[in-house]
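Hi everyone, thanks for coming. I have one structure to walk you through today, so let me put it up on the screen.

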There are 2 protein chains.
Amino acid sequence: MPALMIHPGRTRFSSNATDFQLGIASYSLRNYTLDKTIEITRRLGIPNLALKSMHMPLEMTDAEIKGVKKKINDAGLNLYGAGVIYMNTEEEVKNAFRYAQAADLKVIIGVPKYELIDMVEELVKSTGIKVAIHNHGPGDDVYPSPESVYEKVKNRDPRIGLCMDIGHTERIGLDPAAEAKKYFPRLLDVHLKDVDKSTAEGDTVEIGRGVINIPAFLKVLKDRNYEGIVSFEYEKDPDDILPGLSESIGYARGVIAALQ
Amino acid sequence: MPALMIHPGRTRFSSNATDFQLGIASYSLRNYTLDKTIEITRRLGIPNLALKSMHMPLEMTDAEIKGVKKKINDAGLNLYGAGVIYMNTEEEVKNAFRYAQAADLKVIIGVPKYELIDMVEELVKSTGIKVAIHNHGPGDDVYPSPESVYEKVKNRDPRIGLCMDIGHTERIGLDPAAEAKKYFPRLLDVHLKDVDKSTAEGDTVEIGRGVINIPAFLKVLKDRNYEGIVSFEYEKDPDDILPGLSESIGYARGVIAALQ
């Protein structure tokens, strides 16, 4: 396949090379095959993918995982992460790192049982693979907020940090921009989305149609030279995702262009 | 049908009520029926429509035109204009104003033969309907650039002005933002799009993926309190328009939000 032209309009306004990159969290495409996920990601001009288990099952052998990685690379895309991966037993922790090593991932977006975090830290140190713990908002007893993650990892290896889901952050009544500032040193990955209410009842909507102040959030990342990836996790319209995901991606790109 | 919720995220950052509104130029949906055009416009949360003749034929009787108008109003949308309408004979000029009166349009986006402009001006005065002359870029002998329109209307009734097509403006090697500043007093309508080259060979692409500096252009409209409508005219993928049109609309909304 030809090399991707990744929205050249954006780089036109760019004064430096430190802009963060965009990705897609493939949970968005949970009702689509891996092949279709790759096709849509390419069409949208997004360079990076983080796969959820329906697109790369956790039970796959190393050889099967390497096959998925090759297919994605051959399409001109970068498989940088996977998740959300739940790790509730030692076996699940070991398997998550085996899986991540086989796919040569930079980051596991994960939810480790808190009692297993020493083991997770050891494996982060021995493999060099980061673990970004995902905050799930109201109803998550262990990691509801960015702070709840930060407090549990702040004295650990810096490669254990936060995948900040801004939808769940807003749903728990917090401002994603302010939270990103507070916990920036441990911000390793982002799930970008929008929700229609700042309460537990908030549902995901097209980015820009909800209540999250997206320009303020992205400005924090830009001003601090965030070096991670910002991945779209679009949960609405799971069987007809292209219009809403396209609108969401367009919105974020427009904000980024206007912030230059 | 329920009242439309027009991207409430935007108004959150809005400090005043002077923001311009968004619309769709239905030439974008030339391969879709009127019903489908209405459905897509609603899904995208766009409040305003300007119809091209495939959706409201110029030969329609007044009663038929009023039927189209009612259908659009009943869907919660505003039929504000029509075009591009070519007016090469006196009969075509008369019919364009009859059609626009029947639909109670605010503006005709038109290309009147220059020899007929006295007659057009008379009808603008007698009906109160504006005429926004559309620049078509390289290859258009009469109205290639915003300036070529402006020079022909600057001493006429202020309700004859420009529908600035920023794609054709870029294709003729001009900067849409600079042109919008120069001819702002006669800017009555806008066709928003992006193109991949600043030459006659430029093709339309998703907004944000091309070469036009969209934030700079929209900033001119915002800073000068543009009171017209900015309509998307998306010409790529005519049989599969939703992803690219959605991305384009998202991009413009993102820019507008970030400019607040």
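Before the details, one term: I call two strands paired if DSSP finds at least two bridges between them. And please keep in mind that what you see is a predicted model.

With that in hand, let's start in chain B. Strand β2, residues 48-51, and strand β3, residues 78-87, pair in the parallel sense over four bridges.

What do the strands of chain B close into? A barrel of eight strands, in the order β1-β2-β3-β4-β5-β6-β7-β10, with parallel pairing. From one strand to the next, the twist averages 30 degrees.

Helix α4 lies across β3, β4 (107-112) and β5 (130-134) of chain B, and runs at about 175 degrees to β3(B).

How much space lies in the largest pocket? About 500 Å³. This pocket is lined by 21 residues, and the closest to its centre are A:Lys130, A:Leu188, A:Glu227, A:Gly228 and A:Ile229. Both β3 (78-87) and β7 (187-192) of chain A supply at least two lining residues each, and β3(A) gives the largest share, with three. By class, the lining has 10 nonpolar, five polar and six charged residues.

The second largest pocket holds about 400 Å³ of space. Here 19 residues form the lining, and those closest to the centre are B:Lys130, B:Leu188, B:Glu227, B:Gly228 and B:Ile229. The elements of chain B that give two or more residues to this lining are β3 and β7 (187-192). Which of them supplies the largest share of the lining in the second largest pocket? That would be β7(B), with three residues. Sorted by class, we get nine nonpolar, five polar and five charged residues.

Last stop, the interface. Here 30 residues of chain B are in contact with 30 residues of chain A. Between them the two chains bury about 2,400 Å², 54% of it on carbon and sulfur atoms.

Conventions: Residues numbered from 1 in each chain as written. Chains lettered and ligands numbered in written order. Predicted model: local features only at pLDDT ≥ 70, side-chain atom pairs only at ≥ 80, totals over all residues. Heavy atoms only, no water. Axes fitted to C-alpha atoms, helices over the stretch in contact; angles between N-to-C directions. Contact = heavy atoms within 4.5 Å. 1 Å grid on protein atoms, 1.4 Å probe; cavity = no way out; pocket = protein on both sides within 12 Å on 5 of 7 lines; lining within 4 Å. Points joined across faces, edges and corners; volume = space filled by probe spheres on them. Nonpolar A, V, L, I, M, F, W, Y, C, P; charged D, E, K, R; others polar. Buried area = accessible area lost by both parts, 1.4 Å probe.
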